Amino acid sequence: MNKFVTSIALIAAIATTAMTAARAEDGHDLATAIEHAQETGHYPLLKPKNVDWSFAGLFGKYDKAQLQRGLKVYSEVCSACHSMNLVPFRTLEDLGYSEDQVKSFAANYEVEDGPNAEGEMFTRPAIPADHFPSPFPNAESAAYANNGAAPPDVSMIAKARGVERGFPTFITDIFTQYQEGGPDYIYSLLTGYQEPPEGYTVADGNHFNPYFVGGTSLAMAKPIDDGFVTYDDGSPETLDQYAKDVSAFLMWAAEPHLEDRKSMGFMVLMFLALFTVLMYLTKKAVFANQPH
């Protein structure tokens, strides 16, 4: 009897949590979601939106035109605060740029080098072998310039950031090969800035965003909006498009060999399937004439 009561209570708790999440998901009751999150410590208030990415699924591939637009958004907007120091300029050739174009792009950045013959450090234009530099000399200066919160390096942020999708979604993810939690989160965060619910106050210097995984608000102000970046290919110059493009670019930065990995994985699966069939046929052939 006690086990039955415990089971009923557990089911009720799960249902209550799911209903709260559903209300937050629909955006109907953010105030209730905030209260629930503050009690449980579970964020974000809203689950990230599901975006239709070209690189999703078993046969997904990067859209190079989108990655080039994402690079433009990063270099003109995001790089003012966020470093990407694990990504060398030379890898931009994978986006369809020529060697000369990469050299020209890298030369727009200044990197520290040295020491020289006099034992002093100096700056010089970057070359393809260099990595995307930080806009700040150290973490302390970065924090000082950003309301006490140093902007994170975004080299691996598309793989490092993600939100637990919960039951039963995590089961279906196994079959759909869902691995886009990072870019979904980045896109949702960039497009999710809004006014807080009535009666809820955000601390000075912070900004309300229900998609932020660390709380109800964050120190980073809304970094981009419609018309901030001019595209050369005629793509819409909207917040939605900017967020999709830079999220895809950051996914590529974090996993540049995604297409090779998926191709190799598919070949391995085909080999294992064929190997299984051959083993089954071999077993039948070996034991076909054996006495029972």
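**Exercise 1. Is Ala 126 buried or exposed?**

Solution. Start with the accessibility: Ala 126 has 4% relative accessibility, so Ala 126 counts as buried. The cut-offs are these: buried is under 20% relative accessible area, exposed is over 50%, and partly exposed lies in between (1.4 Å probe, protein chains only). The model is a predicted one: local features need pLDDT of at least 70, side-chain atom pairs count only at pLDDT 80 or more, and totals for chains, interfaces and linings use all residues. Residues are numbered from 1 along each chain as its sequence is written, and side-chain values use heavy atoms, with hydrogens and water left out.

Ala 126 sits in the loop between strand S3 (122-125) and S4. Helices (H or I, at least four residues) and strands (E, at least two) are DSSP runs, numbered from the N terminus.

Then list its contacts (heavy atoms within 4.5 Å). Leaving out residues up to four places away in sequence, Ala 126 touches Phe 89, Ala 106, Ala 107, Tyr 109 and Val 111. Take Ala 107 from that list. Ala 107 and Ala 126 are 19 residues apart along the chain, yet their C-alpha atoms are separated by 5.0 Å.

**Exercise 2. Which residues of H4 are buried, and why do they lie on the same side?**

Solution. Find the buried residues: they are Val 102, Phe 105 and Ala 106. Now look around the axis. These residues cover an arc of only 95°, which puts them on the same side of H4. The arc is that of the directions from the helix axis to the C-beta atoms. Recall the general rule: an α-helix has 3.6 residues a turn, so residues three or four places apart point the same way. Finally, find the cover. H3 and strand S4 (131-132) are among what covers the buried residues of H4.

**Exercise 3. Describe the largest nonpolar core.**

Solution. Define the term. A nonpolar core is a set of buried Ala, Val, Leu, Ile, Met, Phe, Trp, Tyr and Cys residues joined through side-chain atoms within 4.5 Å. The largest one has 42 residues. Those with the most contacts inside it are Met 84, Phe 89, Leu 92, Phe 132, Phe 249, Leu 250 and Trp 252.

Now trace the suppliers. Helix H3 (64-76), strand S1 (84-88), helix H4 (99-106), helix H6 (157-160), helix H8 (181-191) and helix H9 (239-254) each give at least two residues to this core. H9 supplies the largest share, 11 residues.

Zoom in on Trp 252. Not counting residues up to four places away in sequence, Trp 252 touches Tyr 62, Leu 67, Thr 91, Leu 92, Asp 94 and Leu 95. A second, separate core has 10 residues, including Leu 30, Tyr 43, Leu 46 and Val 202.

**Exercise 4. Which residues line the largest cavity, and which elements line the largest pocket?**

Solution. On a 1 Å grid over the protein atoms alone, a cavity is a set of points where a 1.4 Å probe fits but cannot get out. A pocket is an open set with protein on both sides within 12 Å along at least five of seven lines. Lining residues have an atom within 4 Å of a point. Grid points are joined across faces, edges and corners, and a volume is the space filled by probe spheres set on the points.

Take the cavity. Its volume is about 40 Å³. Val 73, Val 77, Cys 78, Leu 190, Pro 223, Ile 224, Tyr 242, Ala 243 and Val 246 line this cavity. H9 gives the largest share of the lining, three residues.

The largest pocket holds about 700 Å³. It has 26 lining residues, with His 82, Pro 152, Leu 189, Leu 218 and Met 220 nearest its centre. H8 and H9 are the elements that give two or more residues to its lining. H8 gives the most, four residues.

**Exercise 5. Where is Asn 50, and which residues does Asn 50 contact?**

Solution. Asn 50 lies in the loop between helix H2 (30-40) and H3. Its relative accessibility is 58%, so Asn 50 counts as exposed. Beyond its neighbours within four places in sequence, Asn 50 contacts Arg 165, Tyr 178 and Asp 184. Asn 50 and Gly 181 are 131 residues apart in sequence, but 8.5 Å apart in space, C-alpha to C-alpha.
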